[in-house]
Amino acid sequence: MNPRTNEVIGFLQLHAQQDLDNLRAEFPDFRDLLQVGVKMGDPVQQLDQELKAKGELAPEARKVLMYAQLTEKALEEMLLKADQMTVKLRRRIKRAQNVQFVSQIVVAIGGATLLSDIGKEEDWVKYAAGAAALAGSILTLVVQRLEVGTFSGGNNLTSVYDDLIELKVEAQQLQTQLKVSLEFVEETEQWKELEKILNATNDITSDIQTLWDKTR
Amino acid sequence: MKRLILFLSLTFLLALPSFSQYAAVRIWIQSARRSATVYKGFKIPQSTLTVTQKRLPNLSKRPSSYSDDVSKLRPKRAYRIWSILDEPRNISKLNDEWLKTINTPASSKNYVSSTRDRIIAARKAHQPAYLSYLKYSTERTTAFQKIFTKTPSTPVGQPITSERHVEIARALVKMQDDMTQYHRLTYVLGQRPPTLKNPPPWYLQESNKSIQTFYRFALEKGLKGDDLTNALKTEVADLQKMYAAYKEKIKVLPTTASKGTFSNLKILSFQEQYGLPETWLLDKTTRAFIDHKYLQLQHAAENYLDLAYQLAKSRSLGEAFELGEPQNLQRFFAAYLEDGKSIDQAIQKITTDAHTFQKEVVYWQEQIDLLDYLNIQQLQSQHNLPKSGVYDFDTQSLIESQKAQIGESLRKVGIRLPDPADQIRFYKQYSQRGDIPLKESILLDQEAGYWFTPQGQKLQQKAFIDLIDETRAPIQTVQVPESKLFVQFSASNPRALETQLETVSQQLSRTYLPEENMILNLVKDRATERMIKSSFARNQIKFSLNPSASVAKLKKQLAKSPRKTVFVVGHVEEGKFVTYHKGQKIFEVSIDELMQVGKDLKLNIFPFGCNSSMQNQAQVGTTALLNSYADTQKLIEGIKSSKDLGTALQKFAGDEFELIVNQETFRNLGYAEYKIVKRALAEGGADAVIGGLILWSLIDQEDEEKENR
């Protein structure tokens, strides 16, 4: 019984500390398992062995319940954050699109004016057309900046949005899986199922947190 | 005439004083004569006294029955006894009123007549008084008869014959000494006899105290004859015994006048010292106080000696005390008596000492229990010791040697338990495995997956393996006082050890620069990363943990922080720092390799992971399970709030962790000097450039001037 929970706990600690504290209060015997950070050894195994040695191994069902509640809370919080991020990203994309549209029009006007003015001697028209073209180009650059933003690794706003949607869907799936596993899966198989869900939740939590940091 | 009248009157006036003087002289002479007559009368009684004195030797000429007892007495005493018994001759002592009457001399002639004649005369003159005397005398005679006669030879109420007088005198002589003793002892012991309810009139009229005491004793007891004599003897003996006992008891108890003979003065000083009524006597209150304190002391001493005997520390005293004599108690108590010390203080001290013995007895009993002996006799018989049945020195040294042997066997297998009780318990746990020696027994447990700390605590994981692994020498460490910091040493002689410890001490107490200590995070956990970034960003070695991470890249990053100390935070597995991401291993580096890289790049590397000291050859690091978030935060706080590494590590370790370092762990790599030289070089270069520019401009100016010319 060694699921990865560090990211989930770290995420709850950051965004929903009250929930995490409630969980710790509800399961004081698993307080070690609900600590932020990673045991830089093999803590779970050791804990099990110690409990076995004491002859008081915690009931499996209770541990399952604890992990299930942890997963549920994490997924809820994650979806909440994903929704918030979705709104934010949509707004940013829409804004970028608008600016891009304006800049393209300006560039188009500027370019057309320059072409139509060939052979004419009015200087101010030339200057105005050049300036419009320049402003359009700059606006295009601004849009690019908005799209790529602070994202490293060549991600742009759209791809981040795609990732977010993907993660959100994945989280929703995990949420459904969790409900199914708790309600319909046999107790003997329940833990294996939950471990998988928890590991997957831990992984996407890390990604969600990365996106959250980027879009902040 | 007138002149004569005047002359005569003057003469008369002048002579008047002489007449008056004459008259006065006459009067004086007459009175002197009268006095002389009175004086003559006083001479007469002297002859009477002479007659009385002359009667004394006549006592021996009394009937022979008197001489047996009475004549042996001193004349005065014999006379006194006789005079008491010889009532007719002793009237004057018994009835004062009557005495006054008969003693009034009618003439000097009458006065010299014999007493008997006087009595006869007085009888006639004072019949009522005589009758009253007779009544009194008869009553007293009856009392005598009642007291001294078992089978009365004279009827009660009749006058006592001279033979009876002899008998009574003999009995009184016999009892006189006892009576005096009785009287004295009852007085000293404050036992005042109760007042008689219905005393006979003759008792009330008796003025002689000793006789009164005697009558009282006789009346109280209701005995007579030999029974009375024996009762008095028994009573006196009892009182003497009581008196002697208190005399001894008071000697035991401390007083300011404790030295010297026993006296009323000593009793007084005792009473003064303890706030008792100052009666000078061994009265009831004083005796009760002595009894109470003596018993208290006796009880404390018995307890003390009983325990001391069990410890065989003062056996001779114990044996002496068993005799139960006050002088033994006094001898014992003398050790606790100091000037000005009260009984209560001394008893308190004895009780405290007894308590200490008690503890010691309990301690030895526990040791015997631990060593698995049923009792002390069993231990002594199994080891052929004298069967004293007490914790004597032989027994104690046997127990100590057995404990030392067990401690030594445990040390050989790397178990370092300071408490002997724990050592024995641990030893017993393994000695119960039959013939298997302790060392092999522990190794068996190790194979089964159990490990032990040097404190003998069983762990569920591999810990302290090197300390008890026979293939490698156990590491020797010295614990920094009041901390969980252990310093390794390899020296075999004390001087070399001292040098090594001094080196480590200097390294740990050296003040470091704020940027000198760095953190390299090899844990992929966003909470940990965030915490390090927010609290120790400038001291973090940046290293991207992604699938493309490699040891070469890490070396490159480490090379950017020369001469610094790097705490490597990471998950430790089988001698390596391993990084996982989403369940996949994305990076790993051997701790030994990392430490070698540190040496090459002039860096101090401290592995900061779970039980890292067990996972590298140098055996430095931690000996506990660490959490990447909480414990790294604690380490960072320790470093930030301290000025030297020793303090920082102690703050981190607290009471929870043990850290093991050696003299190679935190070498002084000269970071401060390096920084100074680097700055000096940079400043020197800038100066050279500025100087060059100035020089160039001057030369240029000179050339220009030349051209102008």
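**A parallel sheet and its surroundings in chain B**

In this predicted model, strand 6 of chain B, residues 565-569, pairs with strand 10 of chain B in the parallel sense, and 5 bridges link the two. Thr565(B) stands opposite Asn604(B) of strand 10 of chain B. Val566(B) has Ile605(B), also in strand 10 of chain B, as its bridge partner. Strand 6 of chain B is also joined to strand 5 of chain B by 5 bridges, and these two strands run parallel. Here Ile519(B) has Phe567(B) of strand 6 of chain B as its bridge partner. In general, the strands of a sheet pair through backbone hydrogen bonds, in a parallel or an antiparallel sense.

Together these strands form an open sheet of 3 strands in chain B, with the order 5-6-10 and parallel pairing. Strand 5 (517-521) and strand 10 (604-608) of chain B each have a single partner strand and stand at the edges, so one side of each is left without a neighbour in the sheet. From one strand to the next, the twist averages 25°.

A residue counts as buried if 20 or more other C-beta atoms lie within 10 Å of its own. By this criterion 5 of the 5 residues of strand 6 of chain B are buried, so the strand is largely enclosed by the rest of the structure. Thr565(B), Phe567(B) and Val569(B) point one way from the strand, while Val566(B) and Val568(B) point the other way, and all are buried. For chain B as a whole, buried residues make up 25% of the 709 residues.

The secondary structure of chain B comprises 29 helices and 12 strands. Of the contacts in chain B with a separation of 6 or more, 58% are between residues 24 or more positions apart.

One helix pair was described in detail. Two packed helices are described by the angle between their axes and the distance between the axes. The axes of helix 27 (residues 630-640) and helix 28 (residues 645-653) of chain B come within 8 Å and cross at roughly 145°. The crossing of helix 27 of chain B with helix 28 of chain B is right-handed. On one side of this contact are Lys634(B), Leu635(B), Gly638(B) and Ile639(B) of helix 27 of chain B, which meet Ala648(B), Leu649(B), Lys651(B) and Phe652(B) of helix 28 of chain B. By class, the contact has 5 nonpolar, 1 polar and 2 charged residues.

Two loop residues of chain B were noted for their backbone angles. Most residues other than glycine have a negative phi. Asn384(B), however, has a positive phi near 55°. Asn384(B) lies in the loop between helix 18 (376-382) and helix 19 (393-412) of chain B. It is exposed, with 7 other C-beta atoms within 10 Å. Lys582(B) likewise has a positive phi, near 50°, and is placed in the loop between strand 8 (576-581) and strand 9 (584-590) of chain B. With 15 C-beta neighbours inside 10 Å, Lys582(B) counts as partly exposed.

The contact between the chains takes 21 residues from chain A and 21 residues from chain B. On the side of chain A that touches chain B, the elements giving two or more residues are helix 1 (6-15), helix 3 (43-54) and helix 7 (187-215) of chain A. Helix 3 of chain A gives the most, with 5 residues. The residues on this side of chain A divide into 5 nonpolar, 11 polar and 5 charged. For the complex, the predictor gives an ipTM of 0.77 and a pTM of 0.47.

The mean pLDDT of chain B is 71, and 60% of its residues reach 70 or more. Confidence in chain B is highest in strand 6, at 93, and lowest in helix 22 (residues 465-468), at a mean of 37. Over residues 32-113 of chain B the pLDDT is below 50, and this stretch has 69 contacts in the model beyond near neighbours in sequence. Over residues 460-473 of chain B the pLDDT also stays under 50, and the model has 33 contacts for this stretch beyond four places in sequence.

Key: Residues are numbered from 1 along each chain as its sequence is written. Chains are lettered from A and ligands numbered from 1 in the order in which they are written. This is a predicted model: local features need pLDDT of at least 70, side-chain atom pairs count only at pLDDT 80 or more; totals for chains, interfaces and linings use all residues. Two strands pair if DSSP finds at least two bridges between them. Helices (H or I, at least four residues) and strands (E, at least two) are DSSP runs, numbered from the N terminus. Axes are lines fitted to C-alpha atoms, for helices over the stretch in contact, and angles run from 0 to 180 degrees between N-to-C directions. A residue is buried if 20 or more other C-beta atoms lie within 10 Å of its own, exposed if 12 or fewer, and partly exposed in between; C-beta atoms are placed from the backbone. Two residues are in contact if their C-beta atoms, placed from the backbone, lie within 7 Å. pLDDT is the predictor's confidence in each residue, from 0 to 100. A crossing is left-handed if the near helix is turned anticlockwise from the far one by less than a right angle, and right-handed if clockwise. Ala, Val, Leu, Ile, Met, Phe, Trp, Tyr, Cys and Pro count as nonpolar, Asp, Glu, Lys and Arg as charged, and the others, Gly among them, as polar.
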